[in-house]
Amino acid sequence: MIPTLTLEIASPGAIPVALRALNLAGMKPNLVEVFWDGFCHLEPIEVMGHLEEFDAAISLHISNSRFLETPEDELSGYLSRLRKSISVLAPTAVSDHVYRFTVGQLRPCFPLECDYRAVERSAVDRIIRYQDTIGQTLLLENYASTSAIGGAQPEFFEEIMSKTGCRLLWDVTNALVAHFNGWCEIDRWTHLLEKSRSLHVHVGTLGVDKYEGDYRVTQGDGPDSASMELLKDTVRLFPVSHIVYEGSAGASAEDLAQSLLAIESAALRSPFGSAGSNPYSGGGPRNRGRSGDEPQDDSRQIERALRDLYLTSTIPNDLPEGHSLWQAPLYGTPADASTAEIESRMMRAGELWLENHDLSHGRLLVLSRSDAELSFGFERAASPSESAKARGPIRRRLLSPLRSHGVGGYLFAETDHRL
Ligand SMILES: [Fe+2]
C-alpha cells in the first residue's frame, strides 16, 4: 500500500494556500482532511462548494465536539447535525479526540488529557452512540501526553477499540511527545498498530515548550526529524493509507510545499527510488517472504526484534548478539528458503546498511550468497543531491570466502570504492 500524502484544511480561508502548496509540490492527493471545527458553521452544501477545487475525497477531523463531557441533550444535537453534514459530504473517515475540556467548573483554554481509567466506561457508551448516529466507524487520535495519566493511553485505546470497533488515528508527533516526556513509550503502541488494517496517520512538528520545558506539538518550521523517522518506520511496518501533514497555522504555501516534499522524500521513497520500485514496497520485514511462505520461528524472532528496533531506536534484548544491525535479516534464513526470499533478505539487509544505524564508514557494501551465484551491491550517496544505489540480483558470486567476512550463509565486504 502506497499511502496518500495530504494536507489538513483548517478553514475556508486556508484553501487558497493549501491549493497553491499542493500545486508547488506537484501533488494532487485523492483526499484532503477537513478540520471540521473551522467549517461546521457552514451548511454542508457551502462546504462542498469551498472544497470542490481539490477534486478529492474528504475526511473530517473534529477537535471541539466535547463528546465525552457534553450533556446528553447537547450530544444528541451535535450528533444529529453532524449526521446531516455527513450525509451530504460523504467523508471517507471521521475522526475525533479523547479530550477533557473541563476542570470542575472551569473551562481551560485548551483541551486536556483524560483520566482514562475514570472515563473508560462512559467513553465506550458514547463512542458506540457516536458511531451508531453517524453510521460509520470513528477514528480517535492518540494524545500528546505531558503528564503521568498518559501512561494509561494504550490500554485505554485497546479497550475502546475492542468494545466499540473504533480505530486509532495514529499521530506520530503526539506519540513522540508522550514518549520523550517519559509517559508512554512508543513500542507500547505496537500491538495496536499491528491490529490496524489501514492506518490514518498525522504528522506535525515536535518541539520543547520554552516555559514548561517539556515536549509539545509546536507551530514549527515543518516536520521535525524525530517525527519523520517514526513516520518512516510506521509506513515501513504498518499498512498506512493516508498521511496528513498538520502544517503550522499561517505557514506559507512555499513552506507547506517544502514540508510535503520533505515528508514524501523521507517516508515514501525508499533509498532506491520510489516506493513502488522497492521489492519491499509491500511492507517491511513482516512481508519479507515474497514467496508467500510463512516465516520460520527464528525468522519471526528477528522480525520482532527489527520491529522493536525501528520503533524504539534502541537495540532490543532479543536481537541475536555479535553482528551489526544491518545483518539481522540475514540471520535465521531457513535452509529451504526460496531464491525470492533470499534475495529479499539481501535487499533488506542492504537497505538497513544504507540507513546506517551501525554508523559504519564504508561507502560500498558487496553481499554475496556463499553457496550460490548471487550477489548485491549497495552504495551510499556521496552528497545530499545524490541517491543511494542498489545493484542486484547479480548472478555471480562476487566475493571469495577467503577475502570476505561471513554471516549465516552470506559473505560481505565493505569498501570505500564506488560501484
Ligand atoms: Fe493530529
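At what angle do helix α1 and helix α9 pack, and how far apart are their axes? The angle is about 50°, and the axes lie 8 Å apart. Here α1 covers residues 15-25 and α9 covers residues 253-268. That angle makes α1 oblique to α9. The two helices cross in a right-handed sense. From α1, the contact draws on Val17, Arg20, Ala21, Leu24 and Ala25. From α9, it draws on Ala253, Glu254, Leu256, Ala257, Leu260 and Leu261. Sorted by class, the contact of α1 with α9 holds nine nonpolar residues, two charged residues and no polar ones.

**Overall make-up**

This is a predicted model. The chain has 419 residues, of which 41% count as buried. Its secondary structure comes to 11 helices and 19 strands. Take the contacts in the chain with a separation of 6 or more: 72% of them join residues 24 or more positions apart.

**Helix packing around α8**

Helix α8 (residues 225-237) also packs against α6, and its axis comes within 8 Å of that of α9.

| Helix pair | Angle | Axis distance |
|---|---|---|
| α1 and α9 | about 50° | 8 Å |
| α6 and α8 | about 115° | 9 Å |
| α8 and α9 | roughly 50° | within 8 Å |

For α8 and α9, the axes cross at roughly 50°. That makes α8 oblique to α9. The crossing of this pair is right-handed. On the α8 side, Met228, Leu231, Lys232 and Val235 take part. They meet Ile263, Ala266, Ala267 and Leu268 of α9. By class, the contact of α8 with α9 counts seven nonpolar residues, one charged residue and no polar ones.

The pairing of α6 with α8 is right-handed as well. Val172, Thr173, Ala175 and Leu176 represent α6. Their partners in α8 are Ala226, Ser227, Leu230, Leu231 and Thr234. This contact has six nonpolar and three polar residues, with no charged ones.

How many residues does the largest nonpolar core have? It has 81 residues. Those with the most contacts inside it are Leu7, Ala21, Val201, Leu231, Ile243 and Ile263. Helix α9 supplies the largest share of this core, six residues. Ala21 belongs to the α1 side of the contact with α9. Leu231 in α8 takes part in the meeting with α6 and in the meeting with α9.

Val201 reaches several parts of the chain. Leaving aside neighbours within four places in sequence, Val201 is in contact with Trp170, Val172, Leu231, Thr234, Val240, His242, Ile243 and Val244. A second, separate core has 23 residues. Its members include Met346, Leu365, Phe378 and Phe412.

Is Phe376 buried or exposed? Phe376 is buried, because 22 other C-beta atoms lie within 10 Å and the threshold is 20 or more. Phe376 sits in strand β16 (residues 375-379). Apart from neighbours within four places in sequence, its contacts are Met346, Met347, Gly350, Leu367, Ala390, Arg391, Gly392, Pro393 and Ile394. Phe376 and Arg397 are 21 residues apart in sequence, and their C-alpha atoms are 9.3 Å apart in space.

Two of the contacts of Phe376, Gly392 and Pro393, are joined to each other by a cis peptide bond with omega of about 0°. Pro393 is placed in strand β17 (residues 389-394).

**Loop residues**

Two non-glycine residues in loops have positive phi. Asp55 has phi near 50°. Asp55 lies in the loop between α2 (44-51) and β3 (57-61). With 10 C-beta neighbours inside 10 Å, Asp55 counts as exposed. Arg66 has a phi of about 55°. The loop of Arg66 runs between β3 and α3 (72-89). Arg66 is partly exposed, with 19 other C-beta atoms within 10 Å.

Asp187 occupies the loop between α6 (172-180) and α7 (190-195). Asp187 counts as partly exposed, with 18 C-beta neighbours inside 10 Å. Asp187 and Pro154 are 33 residues apart in sequence, yet 10.0 Å apart in space, C-alpha to C-alpha.

Definitions and conventions: Residues are numbered from 1 along each chain as its sequence is written. This is a predicted model: local features need pLDDT of at least 70, side-chain atom pairs count only at pLDDT 80 or more; totals for chains, interfaces and linings use all residues. Axes are lines fitted to C-alpha atoms, for helices over the stretch in contact, and angles run from 0 to 180 degrees between N-to-C directions. Helices (H or I, at least four residues) and strands (E, at least two) are DSSP runs, numbered from the N terminus. Angles under 35 degrees count as roughly parallel, over 145 as roughly antiparallel, 65 to 115 as roughly perpendicular and the rest as oblique. A crossing is left-handed if the near helix is turned anticlockwise from the far one by less than a right angle, and right-handed if clockwise. Two residues are in contact if their C-beta atoms, placed from the backbone, lie within 7 Å. Ala, Val, Leu, Ile, Met, Phe, Trp, Tyr, Cys and Pro count as nonpolar, Asp, Glu, Lys and Arg as charged, and the others, Gly among them, as polar. A residue is buried if 20 or more other C-beta atoms lie within 10 Å of its own, exposed if 12 or fewer, and partly exposed in between; C-beta atoms are placed from the backbone. A nonpolar core is a set of buried Ala, Val, Leu, Ile, Met, Phe, Trp, Tyr and Cys residues joined through C-beta atoms within 7 Å.
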